[in-house]
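Let's take a friendly walk through this structure together. Please have the viewer open, and keep the sequence at hand as you read.

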Amino acid sequence: MYASQLPQRAEPPFWLPLLAGLPITLCMVVMALPELGRGHSAAYRALYLCAYVVWIVPLCLIQRHLWRQRAAWWKAVLVLLVLTYVLSLINNAIGLYMAVTWKQVPGYQPAFIFRGLDGCWLALIAFCAIHAVVAYYTELQASQARAESAISHARDAELRALRYQLQPHFLFNTLNAISTLVASGENRDANRMIARLADFLRATLEGNERSHEVALADELALMEAYLDVEKARLGRRLVVRTQVGPDVLGAMVPYLLLQPLVENAIRHGIAQRTAPGRLDLTVSRQSGRLRMDVANDGSTDETLDVAHRSPAIGLSNVRKRLENLYPNDHAIDAGPRPDGGYAVHIDVPYREATV
């Protein structure tokens, strides 16, 4: 890939390397202190100091140009070494002029220009090194920000894909149930179920697409819309018992978290029976954690065996979403209960919804 096709490098503000190079002036002042009172020595030190302050501006511009062009490090070092050397020669030439003017030397001798370069040359080299460190640090910070943004976008895309995975799965099950009602001549119940299905789909389509979390009160309202669909199908065979404290209604929970768990509890347990079955939903707050329990009160041995051999789509979907939203800060446990039912326990951080 050519340099012009590469993404533009992040670079620090123009003033930042200049500000970072100012401590060098302090070092030059400290080094000049022993020279005070020794004729014109202080004047030469002042010359080097002023020259340093002037020269770092074009040096900064040239170094930024090399940075944007992605010049090889050895090429940049060579260019800067030569450039700072030339600038130091200019400083010495001015110093030689001052020495001749003050009659400290008999005349212009070019050899004097190449003496004592360390006073200014090393300072300019130090500034170039500081500029390189600041530039690389800025690029590192930008790279880390881009990597974090890419990870965030990838996680967001995966969460959206997992959310959308629930829709066709739920629709297939619901339409299959409606078809069964129609085939058995239960048209009234089928019509009720279609109406409840329309209400539920409207609620999900109007849901918050920008965030993967909603207030628990909104999630419970969505779950109630889904339960209306199931009640239209199962009638009195479905008994729902909900225990939710008023102090947790503002807690943030993953969007469409409860619906697939409730769907599994009904379809893999209660719907398999001819006798009425109970669905239990309990939400509580415990020491800065939000605890959610979804369970049914009984299931056939065959259904439990199927659940163990092939986990439901909804449960695996919930596991993946929790891992993405709360990595290493959540717990989910699913399994049979002692009374023959099946339960799912979820523990996530408690966070209040912001207005």
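**A guided look at the predicted model**

The mean pLDDT of the chain is 79, and 81% of its residues reach 70 or more; pLDDT is the predictor's confidence in each residue, on a scale from 0 to 100. This is a predicted model, in which local features need pLDDT of at least 70 and side-chain atom pairs count only at pLDDT 80 or more, while totals for chains, interfaces and linings use all residues. Residues are numbered from 1 along each chain as its sequence is written, and side-chain values use heavy atoms, with hydrogens and water left out.

Let's begin with the sheet. It is an open sheet of 5 strands in the order β2-β4-β5-β7-β6, with mixed pairing. Its edge strands are β2 (238–244) and β6 (331–336), each of which pairs on one side only. From one strand to the next, the twist averages 10°. Strands here are DSSP runs of E with at least two residues, helices are runs of H or I with at least four, and both are numbered from the N terminus. Two strands pair if DSSP finds at least two bridges between them.

Now look at the individual pairings. β2 and β4 pair in the parallel sense over 7 bridges, and Arg241 has Asp280 in β4 as its bridge partner. Strand β4 (residues 277–286) pairs with β5 in the antiparallel sense over 8 bridges, with Leu279 opposite Asn296 in β5. The hairpin of β4 and β5 has 2 residues between the strands, and Ser287 takes a positive phi near 50° there. On to the next neighbour: β5 and strand β7 (residues 342–349) run antiparallel, joined by 8 bridges, and Ala295 stands opposite Ala343 in β7.

Why is strand β5 (residues 289–296) described as largely enclosed by the rest of the structure? The reason is that 6 of the 8 residues of β5 are buried, where buried means under 20% relative accessible area, exposed means over 50%, and partly exposed lies in between (1.4 Å probe, protein chains only).

Helix α7 (residues 216–234) lies across β2 and β4, running at about 170° to β2. Helix α8 (residues 258–267) lies across β2, β4, β5 and β7, at about 25° to β5. The axes are lines fitted to C-alpha atoms, for helices over the stretch in contact (heavy atoms within 4.5 Å), and angles run from 0 to 180 degrees between N-to-C directions.

Next, turn to the aromatic rings. A search of the whole structure finds 3 aromatic pairs. Rings of Phe, Tyr and Trp (its six-membered ring) pair if their centres lie within 6.5 Å; planes under 30 degrees apart count as stacked, over 60 as edge-to-face and the rest as tilted. Tyr52 and Phe127 form an edge-to-face pair, 6.5 Å centre to centre with 85° between the planes. This pair links distant parts of the chain, with Tyr52 in helix α3 (residues 41–68) and Phe127 in helix α5 (residues 118–183), 75 residues apart. Both Tyr52 and Phe127 are buried. The rings of Tyr85 and Trp121 have centres 5.0 Å apart and planes at 70°, so this pair is edge-to-face too. Tyr85 is partly exposed at 28% relative accessibility, and Trp121 is partly exposed at 24%.

Finally, a word of caution. Over residues 300–311 pLDDT stays under 50, and the model has 8 contacts beyond four places in sequence for them. Where pLDDT is low, the predicted coordinates should not be read in detail.
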